[in-house]
Amino acid sequence: MTASTQAIPAGTDPRRPPGDLAIWIFILAELGVFAVFFAAYAFTRMNHVELFNQYQQHLDRRAALINTLALITSSYFVVRAVAAIREDNPRHCVNWLLAAVSMGLVFVVVKLGEYHHHFVVEGVNLSTNTFYMFYISLTFFHFMHVIMGMVILSAVAVMAKKGKYSAREHTGVETGASYWHMVDLVWLILFPLVYVMR
Amino acid sequence: MAQAFTKTMARNIFYGGSAFFFLLFLALTFDTSGQLPSRDNRAALDGPMGETIAKGKELWEKNDCIGCHTLLGEGAYFAPELGNVYKRFGNSIDGIKGFIASRPKDGIPGRRSMPQFNFTDEELTALAEFLKYVSEINTAGWPPSDNG
Amino acid sequence: MTYKSQSVAKLYFIAAIALFVAQILFGLIMGLQYVMGDFLFPAIPFNVARMVHTNALIVWLLMAFMGAAYYLVPEEAETELFAPWLATLMFWIFLLAAGATVAGYLLLSYSDLADLTMNEMLPTMGREFLEQPTITKLGIVVVALAFLFNIGMTILKGRKTVVNLVLLLGLTGLAVFFLFSFYNPTNVVLDKFYWWWVVHLWVEGVWELILGAILAFVLIKVTGVDREVIEKWLYIIIAMTLITGIIGTGHHYYWIGTPEYWQWWGSIFSAMEPIPFFMMTVFAFNMVNKRRREHPNKAATLWALGTAVMAFLGAGVWGFLHTLSPVNYYTHGTQITAAHGHMAFYGAYVMISLTIISYAMPLLRGRNAANPAKSQTLEMWSFWLMTISIVFITLFLTGAGILQVYLQRVAENPQPFMAVQDQIGLFYWLREIAGLIFLVGLVLYIASFFVGQDEPEPAVAD
Amino acid sequence: MSGKKTTLGLRPCTWVYLFLMTFTFVTFLVGQMGLSGLTVSLLILLLALIKGELVGYYFMGLGRVKGLWHWPVFIWLFIPGILIGTAFYLAS
């Protein structure tokens, strides 16, 4: 049992995922797209193993490591934010959320550095080769999700700051949290698949 | 109590999701615009035949060729694909001109026939050059066969 | 009918049905020309018949959408239309423009029409579905702007419901994306690229918002289910529509000179395009099953459910069949595309138009809720005849398409286009027969407006 | 912060967090050492799937959800996992 179990407000249906069901429909759709993209990457690689292995070496694994750690940490902060609001502590909730957003910012800055290297220094684009097509498509699509997630978390933080959430009613926090964890989840597969597996 | 599925959230997803994917679409469009010069044979448009090709496209549109034919697979499916007709005619401008010029005025009994448009030689050249230009666009290997 | 100004919708609906008839008649001419190549040649060449067929379709759907908006916006906003006279005026302008354009297609050669309308000043003609003279296009823009102004002001001064908002958003998108029809560069790739911003972003984008809003409105009315429930479903369905449909535009960018990554982006996103249609089917049946009243207008309910099912089949399933780029490589620009086009347009947009007409017309004609039983029975017969015919048209065209793909593109010795067309003539004959049955359905549909008018309405069981 | 179930003074989510960080370092080191081949790839994939399930189970909170919604992340990891594994197996 997790720490937060005890703080579930009375009346919450244990068969429903945390947050608004609408966001889960959206999450499922997004996960679906990423799943197809991952499978497409793997099966295309089958016919271009040499090419994929060669250009994978051009990627900045250290940057990807920092980004993975940033996203995991950020996700952890969001978990703490949800726990805080369940303990009826909006002030802590806001702080954890802001910490999570700043980790997201770390991700964005590092990723932009990576893109700068590939796009400007190396002069790579979507049409350079199949590997870069997948690398750019996957990471850029994910990158936009990170930005979207940061916007959502910021909005949730503002609402929390205004005192809209409490231990009794905090669906909004859970909704934003679920989306952010999805962004993290996708990266956890993307990182080994694109940067490490060869 | 927390509501399971709210209209507000559905609305936010609609606006947020649409804006998100439209921006992504614009980003891809931006990249495409950068890539097109290496694929869309615009060199031909800027070259010595540029004006002739432009004239050809005008004639192509003015006579609603797309109303029967397809061009790169788009149009009506009543008459042959013309995106690769230049190649199908053995890379021959004269072949295309001759075909268009020789259509019977009253059609062919019982069969589909292209109308007789009474083009001048200059117009025929323009149309043929236009079709040559289109045939040199990089279409990722489409169509699968020369028959279109 | 609650508000007097709603009655302007009647004009639009009548004109829509008249143009529908024209569309079907010219469709039958084209169908015959497929097997008897010299039919009506050179009086009505195939391209002219096709222009009338497709443009009449587009215009009558626009008419029906506008009629629907004039009917449901005041009712939702709970106020009279901002300017009923403007709606009437725009109707006549639109009808005249459409009539003059069709007359131009039929009486003049297309190139003479281009000269007459001074196409060379701003060439926009001669592109599929956008064949209208530039001046007609400008007319459409004027009508659309006046229309948007009118319903926008109505919504502003009245109650703001989700149905109205989504409808307005869809109609605004329709007008905005139509502006790309004025961009016509010599560069064929650019031309095609932005041509799809009109065509695709209409039918697989903003039109689906209109479709969703009309469907939601009719379902609220005929099922009596709580507005909140229907509205949140509407939001989530149109969200999925745009999420999948916008990047789904990429399925048109496989073979027209655009970069090859579109094959991935287009395949992945358009493969998800059936999802919103599936959700719509589930949604419609759910709402009807949970209905809180027995609305006497059974025909309208049937049309609404039919829309949900046929849109999923035509747009969802038949679209998915050929949307993946490795499949599309072989099927692009064949009768497979035609098959999909027929069922998708009928299932989604024709049926939603007939749904709102079926719901609103009895009220516009002064009835309490519905047509008499006799008239409804006839209407339901026409529903089944037209729907089953379109299924068969689609199946026959799919058969023709599969054979065409094989003989012309896959076989060891691919044959020329015309040689293949000769071999698949049987399918075209069958398609033409199905088309004739569709016409019978359409005649019954029109007859349903005239039979049993003296009989009493079915009782309202609220 | 009173009365919370902890292990060695840390909340379960904190433990999960530490596991995730460790696994990430392992994955990174494998990359840095230039290890390659099917076995290594599949092990890394397995590690990634476990990480994903940890996020789904603990962070997203699906672990304590009963019924259908217990499974989406698990299934999401499972199917692409199998597909990616198969593709790498076929490629080697």
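This is a predicted model: local features need pLDDT of at least 70, side-chain atom pairs count only at pLDDT 80 or more; totals for chains, interfaces and linings use all residues.
For the complex as a whole, the predictor reports an ipTM of 0.93 and a pTM of 0.94. Four pairs of chains touch, and among these the pair formed by chains B and C has the most contacts. Two other pairings involve chain D and show no contact. Chain D does not touch chain B, the nearest C-alpha atoms of the two being 13 Å apart. Chain C and chain D are likewise not joined by any contact, and their closest C-alpha atoms are separated by 15 Å.

Chain D does, however, meet chain A: 44 residues of chain D are in contact with 39 residues of chain A. On the chain D side, the elements that contribute two or more residues are α1 (12-32), α2 (38-59) and α3 (72-91). By class, this side of chain D comprises 28 nonpolar, ten polar and six charged residues.

Chain D itself contains three helices and zero strands, and its elements follow the order α-α-α from the N terminus. Its mean pLDDT is 91, with 96% of its residues at 70 or more. Along the principal axes, the C-alpha atoms of chain D occupy a box of roughly 55 × 35 × 10 Å. The radius of gyration of chain D is 16 Å, whereas a compact globule of 92 residues would have a value near 12 Å. Of the 92 residues of chain D, 35% are classed as buried. Where contacts within chain D link residues at least 6 apart in sequence, 57% of them join residues at least 24 apart.

In chain A, the UniProt record (unreviewed entry) lists residues 21-43, 63-82, 94-112, 132-158 and 179-197 under "transmembrane region". Two of these segments may be described from the model. Residues 63-82 of chain A are 100% helix and 0% strand, and the end C-alpha atoms of this segment lie 29 Å apart. Residues 94-112 of chain A are also 100% helix and 0% strand, with 27 Å between the end C-alpha atoms.

In chain B, residues 51-135 carry the UniProt annotation "domain: Cytochrome c", taken from an unreviewed entry. In the model, this span of chain B is 47% helix and 5% strand, and its end C-alpha atoms are 17 Å apart.

Methods: Residues are numbered from 1 along each chain as its sequence is written. Chains are lettered from A and ligands numbered from 1 in the order in which they are written. Two residues are in contact if their C-beta atoms, placed from the backbone, lie within 7 Å. UniProt positions are given in the numbering used here, feature names are shortened, and annotations may be inferred rather than shown by experiment. Helices (H or I, at least four residues) and strands (E, at least two) are DSSP runs, numbered from the N terminus. pLDDT is the predictor's confidence in each residue, from 0 to 100. Ala, Val, Leu, Ile, Met, Phe, Trp, Tyr, Cys and Pro count as nonpolar, Asp, Glu, Lys and Arg as charged, and the others, Gly among them, as polar. The radius of gyration is taken over C-alpha atoms; the globule rule is 2.2 Å times the number of residues to the power 0.38. A residue is buried if 20 or more other C-beta atoms lie within 10 Å of its own, exposed if 12 or fewer, and partly exposed in between; C-beta atoms are placed from the backbone.
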